[in-house]
Amino acid sequence: MRRIRIYFVMLALSALCACGGEGAVTVSDTAPRIFPDYAGVTLPVNIAPPNFRLEGIHARARATLEADGERIVVSARDGAFRLPRRGWRRLCAAAAGGEITVTVETLGRDGIRYAPFVIRVSEDAVDPYMVYRLIEPGYETWGEMGIYQRCLESYREDPVIETSSAGYGCVNCHTFCAHDPDMMLFHMRQAHPGTMLLRGGRIERLNTATSGTLSPAVYPSWHPSGRYIAFSVNTTKLITLPDGNNRVEVFDSASDVVVYDTERHEIFTAPHLSRGDRFETFPSFSPAGDRLYFCSADSVEMPARYKDAHYSLCSVAFDAASGRIGTEVDTLYNARTAGRSVSFPRVSPDGAFMLYALSDYGSFSIWHRDADLRMVDLRNGREVETAAINSPEAESYHSWSSNSRWVLFNSRRIDGLYTHVYMAHVAEDGTLSKPFLLPQRDPDFYRTFMKSYNIPEFVRGRVSVPQRKIVSAAEDNEAAGVVFRVQE
Amino acid sequence: MFNMSKRTRSALLWAGCFTALFLYMYLRHGYAFPFIEQNRMFMWDGGWILRRAAECGGAAAVARDFLLQFFVEPWSGALLAALLLTLTAVAVQRTLERVEPGNGALLLWLAPVAAQMFLLVDYDYRYEGIVAWLAAWGLFSLFVRVGGGAAVRAVSASAAAAALYWLAGPAAIAFAVTLFVYELRRGEKGRLWYLLPVAAALAMTVAAYGCGWYGTLRRAFTPAAYYNPMAEPAAWAWAAWAAMPLAAAAVRPLAMLCRGAAARRRAAVVAVEAAAVAAIAAAAARGARYYMQEDTRLFERLDYLMRRGAWDEVIDECAAGTHNTLHCFILNTALLERDELAGRAFTFPQAGLEGLSIDWSDNNPFLFPMLSDMYYAAGNVSIAQETAFKKNSEALAVNGSCNPRMLLRLVQTAVATGGHSGYATAEKYISMLERTLFYRREASSYRRFLWNDRAVEADARLGAERANMANIAVVYAAERDAALLAGLHPNALAGRTVDHLLVGRLLNRDLEGFRAAVDGCRAGGVMPSAECYGEALLIYGAMTGHDMAGYGISEETRRRFLAFQSFAAENYSRNDLAAIMRRTYGGTYMYYYMFAGEEPAGKR
């Protein structure tokens, strides 16, 4: 009995020591270094908790998040903060249109209380889902990849299609009609090749290769009516470069733009979208559907002169009622005079802004460290300042939210190799906020994650077609052929 | 002295079994284990373990990676493999003894061991298969020991089957079926209750397929889950599974046969055991034929030596002769690493250009580590990196974990490349490798180079790899115009790059391309000297009438070439010309150029 008492006394003493060992706290006038860097960012009111860790600190720590009377205190044993979902929701609701103040302090003998930093919360909600492909970041490796959907309000990620279910071919170029999760398409290569068209639960498999086109359909853009889909057709190659700057170059040695009519199962183009002396690619319909934007470059010998391919940003009129492509080509960015190269033009759903990637040459900007995002205010032709979202590494593929208030884009800014998804708020005048990295449940997720996020797209809801149904359709359905014509 | 207790006898039996298995595994398959190990990586990181273990089948995969990290040496791999197999045998024997005491069913516990013995040295087998097998059998064993009403046992077995499926995958089906067979054989009341665990396991299968956890229905449902998803599972995987319910079904009839006094029954026992021995022997012979081919074993050993940079041992090992193109490729890599490629390239049977520049256009992942080593030796960081990257991708696709060997190469190439991208990527990989048991020290040694260009440039190897990147760009450009090779700059690896290029031309018997490349390299001041180069130039001169006087070819080489020419002219009509010329000229480029493919070259 006496021995038990001694144990109890020792236990109590140890507990006291553990609790009372914090000592004096040093107050620092600098904010803590955190990863992901959420200090000063603007978050949508409905985003999942932005868990973060203290850079280089693996000690006990505490974060206090406060906003308009709401307060949550989060403890971390190893410097990694995982915010409670309900508390975060309450905090966001209280801070909507304002700020959350975050105060971090490390605990223990040499505790430091850092200067607080703020997280702004926008009242503009973001679309609840995003869809992206996860791939190896470079070279031609199709080991295992997939197209996934992620709920942005939580961390839940589900596969739309994984190659492990579908014969380990390549799946790529997923796109949606006006952010509608029930109107989706993507391509399958090698195993069960074809373009999979998912419309309202129906799945169609298309063989878009024709004798009149360079290749099966590649980069897509869905017309807002849902009837037409513009594609590029490309002869694409990849080479490895002995160059510390850009390790891979992907280039087209020929490319055209075509439009697919889903009702008539017909692919058509116009002579000025399929010129032999030019490379036309990256079609993109305007939200009203009355214009078709695309990139176009003077054709050059490939791969010898890959650095001489400079793509201009052009557009033609498109009449959805008659399915006619306009004959006059407007040039919005002239690569011949400006000297750089445009890729992935995307107009915001409200028609106010055009966002595109600009790099020194070529069309595959994600492999160019010099690639940045640029934005034009289409209402007045003014170029909008985009320095807030760019970095010294590649920024490339981007997508608008359905309310035009958010953009998400790929960036290689963390390590120059793996592409990650960032989001930034776009004010009505086009002012861009500091972008934030897609939140994950585990703050250390990105440190061991070995895939790249590719083609992130906002979607208004969940893609509900089960994977097995898509795989069955790919395996069982004969790919429907299409006819080709050139518009006179 | 011989009056041993049953326990001692049993311990001795298992110790003997373990020793025999260890010796067999070590002596016959030792180098297969490090080869398997390199394509999996276990990180001592709670977050990583939890994230992986939370996936369906993830717990078994984490256990697999934990075990396989110790396969880094042939002896430790053999030790663990023998331990796993002995554990299998012990588990089966003890459980069957419980099911039917004194059953004498020796072969029933040998069968799963035999079935899994070759799987353990199969590169495509995923070791979570044996972990899952043991877990399934362990659970079955537990239910054999635990009493209770049929309904309660069945319901708890259903929960266990569902949990097992979540932790270890479709082995849960084998558990449920084995339990059902066992209960059926027992013939107790309420045995149909035991269809419930089977239903639970099948329900989990359907859910797993529906949620895309296992890709295909076949993988969700069968032992294919424990095999490279891009390959057809070996029959052994099925045999190991089938052994489970078969053992449960056969133990009682066998025991009854054993206990019978009648001579006829004894004969039946002998017949059954003989048939089982024959079946196991036939299967073992088939497995031995497939898994113990001499060239595979040599390849595994060479691969092991390559990983350790034991280049001299690679060369010595190949001295006895190479068996195939891959061995030849490894030998050429070792010679290049030792700066002896040009000097010794024709002293052993070459496999043509493939032996130096093996075709990897089909993205065969098997080749990538060797390619990465070859190109790193040749000072070509970009291809060394690309091939390492591709192999690592394959490991991620097949096993869901990295290839630490290739991750180390990626660290080397990323550090050599430098810049934000190179250093940040290297840091990511270093921090991952630092969480492994056997790679942390080497990975940490690269930390001092991060964001430190001066340290990289001062390092003999990394500095040379970095400096040589410009030369590789020149070599690529020179594919269109060899005169561009004049732009090569001397550095510690330039000679290897040139040797790789020139020996490739020689192996391909492309003397025109060789001469043009020599001109370019001479103009760049990076032309290494080697006797084979002089011989090749003399052949080129003789064939084209060009004067080779300005190439600095030694008098001895010229005399030898003239002697070769006149000997060949005098004996041109002889059928055994290759053989007789080999005696004097074997090991020269002249001999290779004239006779390669007809007769193996002799040692110089």
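Analyst: A polar contact is a pair of N or O atoms within 3.5 Å; within protein, one must be able to donate a hydrogen and the other to accept it. Keep in mind that this is a predicted model.

User: How many residue pairs are in polar contact across the interface of chain A and chain B?

Analyst: The two chains meet through 36 residues of chain A and 37 residues of chain B. Both residues of a pair must have pLDDT 80 or more to count here. On that basis, the number of pairs in polar contact is eleven.

User: Which helix supplies the largest share of the side of chain A that touches chain B?

Analyst: Strand 13 (157-162), helix 4 (445-448) and helix 5 (467-476) of chain A each give at least two residues to that side. The largest share is four residues, and it comes from helix 4 of chain A.

User: Which residue of chain A forms a salt bridge with R51(B)?

Analyst: The rule finds one salt bridge across this interface. Its closest N and O atoms are 2.6 Å apart, inside the 4 Å cut-off. The partner of R51(B) is D442(A).

User: Is T419(A) buried or exposed?

Analyst: T419(A) lies in the loop between strand 32 (406-411) and strand 33 (420-425) of chain A. Its relative accessible area is 3%. Buried means under 20%, so T419(A) is buried.

User: Which residue's backbone oxygen does the side chain of T419(A) reach?

Analyst: T419(A) touches several residues beyond four places away in sequence, among them I366(A), N410(A) and S452(A). Its side chain reaches a backbone oxygen at 2.8 Å. That oxygen belongs to Y453(A).

How values were computed. Residues numbered from 1 in each chain as written. Chains lettered and ligands numbered in written order. Predicted model: local features only at pLDDT ≥ 70, side-chain atom pairs only at ≥ 80, totals over all residues. Heavy atoms only, no water. Contact = heavy atoms within 4.5 Å. Salt bridge = Lys/Arg side-chain N within 4 Å of Asp/Glu carboxyl O. Buried < 20%, exposed > 50% of the residue type's maximum accessible area, 1.4 Å probe, protein only.
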